[in-house]
Every structure is written in structure tokens, then in C-alpha cells.
Amino acid sequence: MPTLFTKIINGDIPADIVYQDEQVTAFRDIEPQAPVHILIVPAKEIPTVNDIQPEDEQLIGHMFSVARKIAEQEGVAQDGYRLLINTNEHAGQEIFHVHMHLFGGKPLGPMLTR
């Protein structure tokens, strides 16, 4: 069964898409945690980082290149931005389709709350 993200990628569920190519789709988070909060999702359904295979290395690298382009497009590249990938439940992964969060637009504070 396709994930929520696959349904967005395929256009079955509407989203504010900011970038799309044959490998990845990037769209605004519906509950943003920063002024800029964009999800970058591969078209290939990979449940977690633990499931990434050697043949996925180019795809994962492409996600980082797309993140840089989006940061520039959104005007946060110079001031700074954060990329975050959660893996499994203790890290807060809610949708089991690898995805990268791009946060920016304000000072983001420490990496983790203490």
C-alpha cells in the first residue's frame, strides 16, 4: 500500500510542492515548526535510513543537492538551515518513508532539548 508521501508524489493528495523531479519531491510541511519547513522525499519508498541499500546512495546524495537548491530558493542558505532525518520511533519518525526535513528562516537553537 502506498505511503502518504507516495500519494502526494503521485498527485493523489494535494500539497504545496516546491520542487519535483523524477527522483524526489519537496513540499511544505502542513504543520511547520519553523518559518521554512519543507519535506524532501524520494520517489522510491524506503521505510527508514536502516533500509537504504548501496544502490540508493546516488538517490540519497541527490536529496542533499536538492536541499541546497531549495535553501537557496527559500532565501535561507546564507543565514543557515537544518536538515533532519528521523529514523524509527524513538527519533520521532511518523511516516515510514525516508524523508528529510529542511528547517530555516529563524535561529533554530540547540540540536536537542535537554
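**View 1. Four salt bridges turn up in this structure.** The model is a predicted one, and the close-ups below zoom in on some of these pairs. Opposite charges on side chains can pair up once the charged atoms come close.

**View 2. D16 pairs with R28 in a salt bridge.** The closest N and O atoms sit 3.2 Å apart. This pair ties together distant parts of the chain, 12 residues apart: D16 comes from the loop between helix 1 (4–9) and strand 1 (17–20), while R28 belongs to strand 2 (residues 24–28). D16 has a relative accessible area of 43%, so it counts as partly exposed. R28 is partly exposed too, at 29%.

**View 3. R28 also forms a salt bridge with E74.** Here the closest N and O atoms are 2.9 Å apart. Again the link joins distant parts of the chain, with R28 in strand 2 and E74 in helix 2 (residues 57–74), 46 residues apart. E74 is partly exposed, its relative accessible area being 22%.

View 4. R28 is the partner in the bridge to D16 and in the one to E74.

**View 5. Within helix 2, R68 and E72 are four residues apart and form a salt bridge.** Their closest N and O atoms are 3.3 Å apart. Why is the separation about one helical turn? Because the two residues lie four apart in helix 2. R68 is partly exposed, with 41% relative accessibility, and E72 is partly exposed as well, at 49%.

Note on methods:
Residues numbered from 1 in each chain as written. Predicted model: local features only at pLDDT ≥ 70, side-chain atom pairs only at ≥ 80, totals over all residues. Heavy atoms only, no water. Salt bridge = Lys/Arg side-chain N within 4 Å of Asp/Glu carboxyl O. Buried < 20%, exposed > 50% of the residue type's maximum accessible area, 1.4 Å probe, protein only.
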